[in-house]
Amino acid sequence: MKFTKMHGTGNDYVYVNAFEETVADPERVARFVSDRHFGVGSDGLILIRPSAKADCWMDMYNADGSSSEMCGNGIRCVAKYVYDHRIVTKNPMTIETGAGVKTIRLAVEDGKAVSAQVDMGCPVLLSRGNTVCPEISNRENLAKLPVWEKIVVDGTEYEMIAISVGNPHAVVYVEDVARVDIEKIGPKFENHERFPERTNVEFIQIADRKHMNMRVWERGTGETLACGTGATASGVASMLAGYVDTEVTVHLLGGDLTILWDQESGHVKMTGPAVEVFSGEIETEGYIL
């Protein structure tokens, strides 16, 4: 199987050009290639497939083989791959995901994409059972929304803001993200009964109105260096809570992402880098079956 290793702010995936390659069992392949000792080493597997709805389709699998609706860092890398390899020459382009079709605008240097802005659409507030799209331009309605929700995890009560940007996120605020025992508390949030389909969880430290620090525990993978949907959800949650302005830089372990909540459309825009690391070929037949 031919593959390409790529990352966005350290959130790395194995990408397969499924316009040319056939992957019969992506769940098993994802578990195999993600292993950092016996495989390629990644946070998961992303298949770049043809789409009837968009310019291409991002088919995503976590490191444990489970599928995921959307990946903010992954979709930037998909856009870079199809543009750099001349599969799609449009800019902006559209990419189909499990969370719908997303529009991506690339920044290009010397004929290759170096970063991308993704229109993440309108976020959905999930706290306390909400299923509403909180348009940022309607401040009166925002003030009426029950943004905060209490949750007891491992015997400790936390306040969180639950947001969906195509996949679920629980945003929790702490004084110092470096001191969070994420390997202990992350899995307990992820598998809490409050989240029947599991959840991603972000731990956020507010620096000022334009900057925040973040660590993330990703559903089906564990702690990663970055999470684009998590940064988006955390930016939205922090704006709803009144902690930051409508444009904020999120500092992650693997780098920075910029989150902008457009006041006219209500859509959130996420901007960050996309990097191709190397390409190769790996024998999967004898290992995964």
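Which cysteine does a disulfide join to Cys122? I found that the partner is Cys133, with an S to S distance of 1.5 Å. I called a disulfide any pair of cysteine sulfur atoms within 2.5 Å. By this rule I counted one disulfide.

I noted that this is a predicted model, where local features need pLDDT of at least 70, side-chain atom pairs count only at pLDDT 80 or more, and totals for chains, interfaces and linings use all residues. Residues are numbered from 1 along each chain as its sequence is written, and side-chain values use heavy atoms, with hydrogens and water left out.

Next I checked the handedness. The S-S torsion of Cys122 and Cys133 is about 95°, so this disulfide is right-handed.

Then I looked up accessibility. Buried means under 20% relative accessible area, exposed over 50%, and partly exposed in between (1.4 Å probe, protein chains only). Cys122 is partly exposed at 24%. Cys133 is partly exposed too, at 34%.

What about Cys71? Cys71 is in no disulfide, and its nearest cysteine sulfur, in Cys227, is 6.5 Å away. Cys71 is buried, at 3%. Cys77 is buried at 0%. The sulfur of Cys77 lies 8.0 Å from the closest one, in Cys71, which is too far for a bond.

Last, the cores. I took a nonpolar core as a set of buried Ala, Val, Leu, Ile, Met, Phe, Trp, Tyr and Cys residues joined through side-chain atoms within 4.5 Å. The largest has 54 residues. A second, separate core has 15 residues, including Val14 and Leu47.
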